[in-house]
Amino acid sequence: MQSEDIGQVLEIERESFPTMWPPTAYKRELEQNRLAHYLVTVERNGESAGEWAAHGGGYGHGSDHYGAIGRLFGELRHILGNEDDERPLLPVKQRAELITGVIGVWLLADEAHIVTIAVRESHRRQGIAELLLIRAIELARASEQQLVTLECRVANAPALALYEKYGFEKVGLRPRYYSDNHEDAYVLSLSSVPSRRFIERFQVLKAEHEQRWGSFDVEG
Ligand SMILES: CC(C)(COP(=O)(O)OP(=O)(O)OC[C@H]1O[C@@H](n2cnc3c(N)ncnc32)[C@H](O)[C@@H]1OP(=O)(O)O)[C@@H](O)C(=O)NCCC(=O)NCCS
């Protein structure tokens, strides 16, 4: 993801979440947050393609406890969403291809925390979120993270099914976590990332995904 993609990513956010990050928050994430890595999928000639936008480069040394970290980053959406600066950001240049999905991952000392994942409504159920999650897990593995964590609304059945498919477990509950409807959040954790058992299962899931949806070009 690059700055020129912010407009399209906000379109996806708008149809995906009741509250949104303002454009300035994405800009800051891309340009200043050395822990943040954002990946978008783009459709090229009628086909989808994954494109990494690993930027920053530092992996940081934050907390090593999922509870504190989860709370901190989970609240980010609300904090940033309440900023006064809601002026539309007009990127100089827009990507020509259609962006179909986005994932944001913060790489901490030994934990990858997924801060956002969303797919364009018109492109759901085509394996795009799974592709994004596969890439995020690969990023976590490449940087030797022990855990991948995230928060998810308790009623978000599609997302929970995706995470469960990849072996995430419910390790906590944050009561009344979301400010729009006071819904609870599950804290989900994939704690076995480096284990041989997980790696073997992950390779099977990846191969099944490729067989079902085809291969994707990875850039960046
Ligand atoms: C959740 C979301 C990201 C899934 O995206 P997607 O590209 O449609 O998902 P995929 O096609 O890659 O599906 C992968 C797996 O997710 C699960 N899944 C996805 N959509 C589902 C649905 N509507 N019902 C049940 N399971 C679903 C399934 O396990 C699926 O595997 P399967 O095809 O073998 O059944 C998408 O619905 C979305 O953007 N929702 C709004 C934003 C959101 O809720 N983000 C998650 C925040 S925690």
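Helices and strands are DSSP runs numbered from the N terminus, a helix (H or I) having at least four residues and a strand (E) at least two. The structure shown in these views is a predicted model.

**Figure 1. The shell around the ligand draws on β4, α5 and α6.** At least two residues of this shell come from each of three elements: strand β4 (111-119), helix α5 (128-142) and helix α6 (157-165). Helix α6 makes the largest contribution, with 6 residues. In total, 19 residues surround the ligand, and the closest are Arg 124, Ala 129, Glu 130, Pro 158 and Leu 162. Sorted by class, the shell comprises 11 nonpolar, 4 polar and 4 charged residues.

**Figure 2. Helix α5 packs against helix α7.** The two helices meet at an angle of about 145 degrees, and their axes lie 11 Å apart. The crossing of α5 with α7 is left-handed. On the α5 side, the contact is formed by Glu 130, Leu 131, Ile 134 and Ile 137, which meet Phe 202, Lys 206 and His 209 of α7. These contact residues comprise 4 nonpolar, 1 polar and 2 charged. Glu 130 is also one of the closest residues to the ligand.

**Figure 3. Helix α1 packs against helix α2.** Helix α1 (residues 6-16) and helix α2 (residues 23-32) are arranged at an angle of about 125 degrees, with a separation of 10 Å between their axes. The pair is therefore classed as oblique. The crossing of α1 and α2 is right-handed. Ile 6, Val 9 and Leu 10 of α1 are in contact with Pro 23, Tyr 26 and Lys 27 of α2. By class, the residues of this contact are 5 nonpolar, no polar and 1 charged.

Figure 4. Arg 212 belongs to helix α7, whereas Gly 214 lies in the loop between α7 (196-213) and β8 (218-219). Arg 212 counts as exposed because it has 10 C-beta neighbours inside 10 Å. Gly 214 is likewise classed as exposed because 10 C-beta neighbours lie inside 10 Å. Arg 212 and Gln 126 are 86 residues apart along the chain, and their C-alpha atoms are separated by 9.4 Å. For Gly 214 and Gly 127, the separation is 87 residues in sequence and 9.8 Å in space, taken from C-alpha to C-alpha.

**Figure 5. Arg 125 and His 182 are non-glycine residues with positive phi values.** Phi is near 65 degrees for Arg 125 and near 60 degrees for His 182. Arg 125 is located in the loop between β4 and α5, while His 182 is located in the loop between β6 (169-174) and β7 (185-190). Arg 125 has 8 other C-beta atoms within 10 Å and is therefore exposed. His 182 counts as exposed because its C-beta neighbours inside 10 Å number 9.

**Figure 6. The protein as a whole provides the setting for the close-up views.** The protein contains 7 helices and 8 strands. Of its 220 residues, 36% count as buried. Among contacts between residues at least 6 apart in sequence, 71% join residues at least 24 apart.

Note on methods:
Residues are numbered from 1 along each chain as its sequence is written. This is a predicted model: local features need pLDDT of at least 70, side-chain atom pairs count only at pLDDT 80 or more; totals for chains, interfaces and linings use all residues. Axes are lines fitted to C-alpha atoms, for helices over the stretch in contact, and angles run from 0 to 180 degrees between N-to-C directions. Angles under 35 degrees count as roughly parallel, over 145 as roughly antiparallel, 65 to 115 as roughly perpendicular and the rest as oblique. A crossing is left-handed if the near helix is turned anticlockwise from the far one by less than a right angle, and right-handed if clockwise. Two residues are in contact if their C-beta atoms, placed from the backbone, lie within 7 Å. Ala, Val, Leu, Ile, Met, Phe, Trp, Tyr, Cys and Pro count as nonpolar, Asp, Glu, Lys and Arg as charged, and the others, Gly among them, as polar. A residue is near a molecule or strand if its C-beta atom, placed from the backbone, lies within 6 Å of it. A residue is buried if 20 or more other C-beta atoms lie within 10 Å of its own, exposed if 12 or fewer, and partly exposed in between; C-beta atoms are placed from the backbone.
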